[in-house]
Amino acid sequence: MTTHNHDTPNPYHESARDDAENKALTERVNKMEALLLEKGLVSQDALDKLTDIYENDLGPMNGANVVARAWIDPDFKKRLFENATSAIAELGYGGLQGEHMVAVENTPEIHNIVVCTLCSCYPWPVLGLPPAWYKSFAYRSKVVIEPRKVLAEFGTTLADDVEVRVWDSSAEIRYLVIPERPEGTENLSESELAAIVERDSMIGVTKVSAP
Amino acid sequence: MNEERIAKPEIAEMNGAATLPRKNGEMVFHDDWERKSFAIAVSLANQGLFDWAEFQRELISSIKDAEGDNPLHPSRGYFESWLVSLENLLEKKLAKA
């Protein structure tokens, strides 16, 4: 394995295998799959569906689509701030198990950040898997006391007169930050806008920058 | 998106050594066999061949094996350990069946 300089060391982010190793592993898995299909223990359909769910529905793209829609459609935006759960469901994203979604808007005057001080409550269906730092004790304890310092660690600096609001998620309420639309994006399409919205900006620790 | 389309927290939110490889919140698969072995394990657990907790224990132990005393340079990647644990568990379960 090669050495990496990620902030959280993760030796698994890159494949260090060569083609021959991959070929051997592929054959091993194909053999297992064939056996299980033959025994009727798995079905091709179920396997394809599961891959699709975990690979495609777990990412923050759903949230990015919500943000992009809010940026271009004032009526949607209005509905989003009135009742985020139902507005988000309009885009086909549901699966919240009784939790209410609340959308909070970043503006030049107000910056919102989300945390779960008790555990790691997170708006799954829109943001996918929570990042490791979101669950860390350091983030959970520090963001409430020194939000500006935490923001600075993410490279986000705010003017002194910007009000910082920290929202504590719970089993009942999950927050989604709608970041500010960056200048210079007036001509981007909805999908181009969604592509520039990164997960961290919807937790509120970063801002969205123009491409 | 209905209930069935939702990933299971017990799988997606595994912690510690078992944490799924991910980038910007999304799962990272390098090769198709990784994707496939992931789906096989989840599917078998969904069918009740084993509990997810059982698989997770197996996975953690095979990751620890691969790490030895050098956790940053394991002898094999996450999904290779995944595959090893899946093979071990299958062997046990199918021998019984």
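Me: What makes A:Asp160 count as exposed?
Reply: A:Asp160 has 5 other C-beta atoms within 10 Å. The cut-off for exposed is 12 or fewer, so A:Asp160 is exposed. The model is a predicted one.

Me: Where does A:Asp160 lie, and how far is its C-alpha atom from that of A:Arg148?
Reply: A:Asp160 sits in the loop of chain A between α9 (147-153) and β3. Its C-alpha atom is 9.7 Å from that of A:Arg148, and the two residues are twelve apart along the chain.

Me: Why is B:Ser75 called exposed and not partly exposed?
Reply: B:Ser75 has 12 C-beta neighbours inside 10 Å. Exposed means 12 or fewer, so B:Ser75 counts as exposed.

Me: Which residues does B:Ser75 contact, apart from its neighbours within four places in sequence?
Reply: The contacts are with B:Ala66 and B:Gly68. B:Ser75 belongs to the loop between α3 and α4 of chain B. From B:Ser75 to B:Ile63, twelve residues apart in sequence, the C-alpha distance is 9.2 Å.

Me: How do you know that strand β2 of chain A is largely enclosed?
Reply: β2(A) covers residues 110-115, and five of those six residues are buried. Buried requires 20 or more other C-beta atoms within 10 Å. On that count the strand is largely enclosed by the rest of the structure.

Me: What makes β2(A) and β3(A) a pair?
Reply: A pair needs at least two bridges. Six bridges join β2(A) to β3(A), residues 163-168, and the two strands run parallel. In this pairing A:Ile110 is opposite A:Glu163 of β3(A).

Me: How does the span of α4(B) compare with the one expected?
Reply: For its 19 residues 27 Å is expected at 1.5 Å a residue, and α4(B) reaches 27 Å from first C-alpha to last.

Me: Why is α3(B) called oblique to α4(B)?
Reply: The axes of α3(B), residues 52-67, and α4(B), residues 78-96, cross at roughly 130° and come within 8 Å. That angle makes α3(B) oblique to α4(B), since roughly perpendicular ends at 115 degrees and roughly antiparallel starts over 145. The contact involves B:Glu54, B:Phe55, B:Glu58, B:Leu59, B:Ser62, B:Ile63 and B:Ala66 on the α3(B) side, with B:Trp82 and B:Ser85 among those on the α4(B) side. The crossing is right-handed.

Me: What makes α2(B) oblique to α4(B)?
Reply: α2(B), residues 32-47, packs on α4(B) at an angle of about 40°, the axes being 10 Å apart. Roughly parallel means under 35 degrees and roughly perpendicular starts at 65, so α2(B) is oblique to α4(B). The contact includes B:Phe38 and B:Ala41 of α2(B) and B:Phe79 and B:Leu83 of α4(B). Here the crossing is left-handed.

Me: Which class does the angle between α1(A) and α2(B) fall into?
Reply: The angle is about 30°, with the axes 9 Å apart. α1(A) and α2(B) cross in a left-handed sense. A:Leu25, A:Thr26, A:Val29, A:Met32, A:Glu33 and A:Leu36 in α1(A) meet B:Asp32, B:Trp33, B:Lys36, B:Ser37 and B:Ile40 in α2(B).

Me: Which residues of α4(B) are buried, and what do they pack against?
Reply: Among them are B:Tyr78, B:Phe79, B:Trp82, B:Leu83, B:Leu86 and B:Leu89. The buried residues of α4(B) pack against α2 and α3 of chain B, together with α1 of chain A.

Me: What share of each chain is buried?
Reply: In chain A it is 33% of 211 residues; in chain B it is 41% of 97 residues. Chain A has eleven helices and four strands, while chain B has four helices and two strands. The order in chain B is α-β-β-α-α-α.

Terms used
Residues are numbered from 1 along each chain as its sequence is written. Chains are lettered from A and ligands numbered from 1 in the order in which they are written. This is a predicted model: local features need pLDDT of at least 70, side-chain atom pairs count only at pLDDT 80 or more; totals for chains, interfaces and linings use all residues. Axes are lines fitted to C-alpha atoms, for helices over the stretch in contact, and angles run from 0 to 180 degrees between N-to-C directions. A crossing is left-handed if the near helix is turned anticlockwise from the far one by less than a right angle, and right-handed if clockwise. Two residues are in contact if their C-beta atoms, placed from the backbone, lie within 7 Å. The expected span of a helix is 1.5 Å times one less than its number of residues.
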